[in-house]
Amino acid sequence: MSAEANQNACVVIVGAGHAGGSAAAFLRQYGHQGRIVLIGDEPLLPYQRPPLSKAWLKGEADADSLSLKPADWYADNNVSLRLEGVAERINRAEKTVTLASGEAIAYDFLILATGARARALPVPGADLAGVLSLRTAADAERLKHALGPDKRLAVIGGGYVGLEAAASARALGGHAMVIERESRVLARVACETLSLFFQDYHGKHGVVFELNAGVAGFEGENGHVTGVKFSDGRVVSCDVALVGVGAVPNDELAKDAGLATANGVVVDLEARTEDPSIFAIGDVTHRPLPLYERQFRLESVPNALEQAKQAASAILGRPGPAPEVPWFWSDQYDLKLQIAGLPFEADRQIVRGDVAAAKFAVFHLKGDLLQAVEAVNAPPEFMAGKQLIAKRTPVDADKLADPSVSMKEVAA
Ligand SMILES: Cc1cc2nc3c(=O)[nH]c(=O)nc-3n(C[C@H](O)[C@H](O)[C@H](O)COP(=O)(O)OP(=O)(O)OC[C@H]3O[C@@H](n4cnc5c(N)ncnc54)[C@H](O)[C@@H]3O)c2cc1C
């Protein structure tokens with residue numbers, strides 16, 4: 001199909017989350033004239049998930065403030081919505097997507113934006129009421145109702161979502177215990193300096209930690225959770241338990257359609273799968289990271305936006321966006337954590353700033369190239385670090401370590 005013909009093509013998007021909703025918006029913004037059908041299995045318009053573990057739990061956000069676009073936008077921009085529609089099958093030969101309702105929708109281009117789901121903890125009692133996960137607005141609403149003054153939250157898994165929920169529980173006057181299998185929180189996603197800093201900060205705010213702790217199951221009464229049982233037999237009581245042990249990509253549709261998957265749908269730099277008519281974007285993808293010369297699965301809003309732009313650009317024959325440095329943020333208490341890059345093969349860490357004052361950054365170098373920066377309440381370090389990672393130019397480590405040298409000068 002020529003770029004001109006593509007303008008009038010029918011694009012079907014499966015998954016009305018951050019990536020899918022953004023892809024519809026970028027298609028229209030870039031001048032797409034053809035039909036757009038957005039299929040989402042939730043009852044809501046595309047919305048942002050980051051506030052779910054933060055502002056939403058604390059009652060500081062409402063449904064409108066979560067929405068990516070107001071309801072009118074979809075009608076005004078001729079985006080046909082199939083909310084509460086579950087895509088069950090792709091027929092690549094006929095170019096159709098079949099919904100659970102039986103409706104078959106024809107596409108010229110298909111964008112898979114099915115995201116990821118919370119990983120389950122397969123232990124006895126995991127099906128008790130009050131054992132929750134946190135991925136959707138409905139999940140967040142359930143958790144919100146279970147939190148409050150003196151309510152005891154047990155979080156299984158010390159990742160970002162779990163720590164943010166613990167901070168929110170404390171802000172609401174409840175108790176929070178974080179139970180982590182590893183010897184430190186954020187073990188999979190942050191360096192040790194950051195893990196220890198966050199654990200200490202949460203500790204000062206009254207969060208209790210159980211590290212190196214396996215969970216054998218949940219105990220309950222009348223069908224409702226009352227406690228978490230550790231592998232060593234101890235039981236801690238709780239009113240609600242949040243299982244936050246990671247996410248699994250929703251890549252089954254693609255796999256069943258014969259597309260390559262490897263912890264996510266394998267795509268190229270245009271977010272295209274091996275089928276030229278099918279793209280995949282967001283948390284569900286295993287994507288190339290050109291700066292690091294490897295494939296990886298990212299779970300972040302900036303990644304969802306970047307790939308939504310890639311797919312919309314490719315469909316409309318426009319040049320794609322410049323490769324971005326992956327980045328992520330997390331808010332806990334008064335802390336703004338910003339991370340840019342990934343510390344692949346880093347052999348040295350430089351800490352700049354004051355960890356005790358909660359204002360510092362950890363830089364990860366591979367030789368004299370910056371691979372990643374983790375910045376706590378340090379936006380200049382994050383911004384300049386992100387630029388340095390993108391530029392791939394050697395960094396003067398002495399200057400980087402010296403807070404009297406401005407980040408502008410380090411990055412010059
Ligand atoms: C609690 C929480 C806090 C977060 N905080 C941050 C943060 O601070 N910063 C950050 O960068 N990122 C954060 N993230 C991650 C970020 O929200 C995700 O990276 C982003 O939402 C990914 O967008 P997506 O469209 O790929 O997936 P999603 O937003 O999950 O959307 C996928 C949608 O597809 C639907 N779907 C799946 N299968 C089908 C099907 N077969 N048919 C129809 N629909 C289907 C799903 O139900 C879902 O609605 C957070 C995530 C969570 C859950």
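Visitor: Two strands pair if DSSP finds at least two bridges between them; in which sense do strand E20 and E21 pair?

Guide: In this predicted model, strand E20 (residues 285-289) and E21 pair in the antiparallel sense, over three bridges. Helices (H or I, at least four residues) and strands (E, at least two) are DSSP runs, numbered from the N terminus.

Visitor: Which residue stands opposite Leu289?

Guide: Leu289 faces Arg294 in E21.

Visitor: What sheet do E20 and E21 belong to?

Guide: They belong to an open sheet of three strands in the order E18-E20-E21, and its pairing is mixed. Strand E18 (265-266) and strand E21 (294-296) are the edge strands, each pairing on one side only.

Visitor: New topic, the ligand. Which residues come nearest to the ligand?

Guide: There are 33 residues around the ligand, and those that come nearest are Asp41, Glu42, Lys54, Arg135 and Asp283. A residue counts as near if one of its heavy atoms lies within 4 Å.

Visitor: What distances do Asp41 and Asp283 have to the ligand?

Guide: For Asp41, a side-chain N or O atom is 2.4 Å from an oxygen atom of the ligand. For Asp283, a side-chain N or O atom is 2.7 Å from a ligand oxygen atom. Ala87 uses its backbone: an N or O atom there lies 3.0 Å from a nitrogen atom of the ligand.

Visitor: How much of the ligand does the protein cover?

Guide: On its own the ligand has 1,000 Å² of accessible area (Shrake-Rupley method, 1.4 Å probe). The protein covers 94% of that area.

Visitor: Which element gives the most to the shell around the ligand?

Guide: H9 does, with three residues. Helix H2 (18-29), strand E2 (36-40), helix H9 (301-315) and strand E22 (327-332) each supply at least two residues of the shell.

Visitor: And the cavities? How many of 30 Å³ or more are there?

Guide: There is one such cavity, meaning a set of points on a 1 Å grid over the protein atoms alone where a 1.4 Å probe fits but cannot get out. The largest cavity has about 40 Å³ of space, a volume being the space filled by probe spheres set on points joined across faces, edges and corners.

Visitor: What lines the largest cavity?

Guide: Its lining (residues with an atom within 4 Å of a point) includes Arg287, Leu298, Ser300, Glu324 and Trp327. H9 gives the most to this lining, with three residues.

Visitor: How much space lies in the second largest pocket?

Guide: About 180 Å³ lies in the second largest pocket; a pocket is an open set of points with protein on both sides within 12 Å along at least five of seven lines. It is lined by 13 residues, of which Leu44, Ala63, Asp64, Leu66 and Ser67 are the closest to its centre. Helix H3 (63-66) and helix H5 (137-146) each supply at least two lining residues, and H3 gives the most, with three.

Visitor: Last one: what joins strand E24 to strand E25?

Guide: Seven bridges join strand E24 (residues 348-354) to strand E25 (residues 359-366), and the two run antiparallel. Phe363 in E25 is the bridge partner of Ile350. Their hairpin has four residues between the strands, and in it Ala358 takes a positive phi near 55 degrees.

Key
Residues are numbered from 1 along each chain as its sequence is written. This is a predicted model: local features need pLDDT of at least 70, side-chain atom pairs count only at pLDDT 80 or more; totals for chains, interfaces and linings use all residues. Side-chain values use heavy atoms; hydrogens and water are left out. A polar contact is a pair of N or O atoms within 3.5 Å; within protein, one must be able to donate a hydrogen and the other to accept it, and residues adjacent in sequence count only if both atoms are side-chain atoms. Two strands pair if DSSP finds at least two bridges between them.
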